[in-house]
Amino acid sequence: MQPSSQVNDRIARVAAHLQPPNDSQMGDLRRENCRAKGASGGFKVAVLGAAGGIGQPLAMLMKMNPLVSVLHLYDVVNAPGVTADISHMDTSAVVRGFLGQQQLEDALTGMDLVIIPAGVPRKPGMTRDDLFNINAGIVKTLCEGIAKCCPKAIVNVISNPVNSTVPIAAEVFKKAGTYEPKRLLGVTMLDVVRANTFVAEVLGLDPREVDVPVVGGHAGVTILPLLSQVKPSSSFTPKEIDYLTDRIQNGGTEVVEAKAGAGSATLSMAYSAVKFADACLRGLRGDAGIVQCAYVASEVTELPFFASKVCLGRTGVEEIHPLGPLNEYERTGLEKAKKELAGSIQKGVSFIRK
Ligand SMILES: NC(=O)C1=CN([C@@H]2O[C@H](COP(=O)(O)OP(=O)(O)OC[C@H]3O[C@@H](n4cnc5c(N)ncnc54)[C@H](O)[C@@H]3O)[C@@H](O)[C@H]2O)C=CC1
Ligand SMILES: O=C([O-])CC(=O)C(=O)O
């Protein structure tokens, strides 16, 4: 056992890293005499799980986003170091760090957007559903905090299995009486990012010019790329369709296997999460015509949640686009996707209602 004074000293040292420098650290210059006015306007964004493989590059990229005025970085480990590091970037967002459950409420109070990449990642041989037992509880706790401290925030859920963690979040918010389906979005952007990349490679185009709708969910066969709706309008051979569908559905596993036990996609995910968060913030600002794919409460199929193109606005999801015309291959894929999704949704709902 460490003497309690040593433990207290350690806590004080960690806490000091979570705060901006104090007067004594600034020599004769007092903080109130500094000319910084503090950020005005812009949005307040929290990243929960900010010290992780996704969290760190995501936090860095959000610090670079001019729409963000305040960035709260929360984790159960290492938040002080990540916060100190990112806070030195000369971009306008003010960064604050929060460590451990006792600081969760401070991390969440006043936030406009909360991004959740907290939780364990896969290792080779695991499915995303194998993460359920650990990540379901993490998402539940974090969403209870959101319901209490920033019930009107837009919530972007990254933690896997997304097909179940989004229904978990919805049930937590329902229980708390704060549920607004428009504000809860599962992040499936990485599927679109991968689809754009792989399709562009096959067609010999710049990925930035390619737009592939990816609907359904975020695991294996539930990831359904609609290659018949690719923009610019393109045709594919049956071989290309099989190759692309398989590669897009198993893109996550491709990375898990390549990392060989060191986790799953982090950098491409952080890029995708920031692309998606930026779309949410532009929607909140009132920009028109912001459309992205996301996994949301939906009536597009008979399932209560489904990923499809949604229009983002001041209140979150303002419109859900229909799936559009599907070819035979896609209709077969849709049936497979719905079957698996139904079970994953039910598993998430039962976790809270049990
Ligand atoms: N939606 C998507 O497309 C994708 C989702 N993911 C998922 O994102 C999650 C995170 O992945 P990585 O960042 O690679 O994992 P990681 O293990 O590198 O980082 C996770 C972070 O969450 C933190 N954490 C754990 N419990 C927490 C709690 N109760 N409150 C706050 N923070 C907590 C950990 O301390 C750690 O810093 C995984 O579940 C992974 O499967 C990963 C890639 C793509
Ligand atoms: O595959 C995983 O476990 C992580 C993930 O969701 C992805 O990369 O799409």
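1. Ligand 1 has 33 residues around it, the closest being G49, G52, G53, A118 and N160. A residue counts as near a molecule if its C-beta atom, placed from the backbone, lies within 6 Å of it. Keep in mind that this is a predicted model, where local features need pLDDT of at least 70, side-chain atom pairs count only at pLDDT 80 or more, and totals for chains, interfaces and linings use all residues. As for labels, residues are numbered from 1 along each chain as its sequence is written, while chains are lettered from A and ligands numbered from 1 in the order in which they are written.

2. What does the shell around ligand 1 consist of? It splits into 18 nonpolar, 13 polar and 2 charged residues. Here Ala, Val, Leu, Ile, Met, Phe, Trp, Tyr, Cys and Pro are nonpolar, Asp, Glu, Lys and Arg are charged, and the others, Gly among them, are polar. Helix 5 (residues 132-149) gives the most to this shell, with 4 residues. Helices (H or I, at least four residues) and strands (E, at least two) are DSSP runs numbered from the N terminus.

3. Now ligand 2. Its surroundings are P121, R122, R128, N160, L190, G251, G252, T253, V255, V256, S264 and A265. By class that comes to 5 nonpolar, 5 polar and 2 charged. Helix 9 (residues 251-259) gives the most to this shell, with 5 residues.

4. Have a look at helix 7 (residues 189-203) and helix 10 (residues 267-285), whose axes come within 8 Å and cross at roughly 110°. That makes helix 7 roughly perpendicular to helix 10, a label for angles of 65 to 115 degrees (under 35 is roughly parallel, over 145 roughly antiparallel, the rest oblique). The axes are lines fitted to C-alpha atoms over the stretch in contact, with angles running from 0 to 180 degrees between N-to-C directions.

5. On the helix 7 side, M189, L190 and V193 meet S268, M269, Y271, S272, A273, K275 and F276 of helix 10; contact means C-beta atoms, placed from the backbone, within 7 Å. This contact has 7 nonpolar, 2 polar and 1 charged residues.

6. Strand 10 runs antiparallel to strand 9 (residues 290-297), joined by 8 bridges, and A294 stands opposite S308. Strands pair if DSSP finds at least two bridges between them. Strand 11 (residues 316-320) is also antiparallel to strand 10, with 4 bridges, and these two form a hairpin with 2 residues between them.

Key: Two residues are in contact if their C-beta atoms, placed from the backbone, lie within 7 Å.
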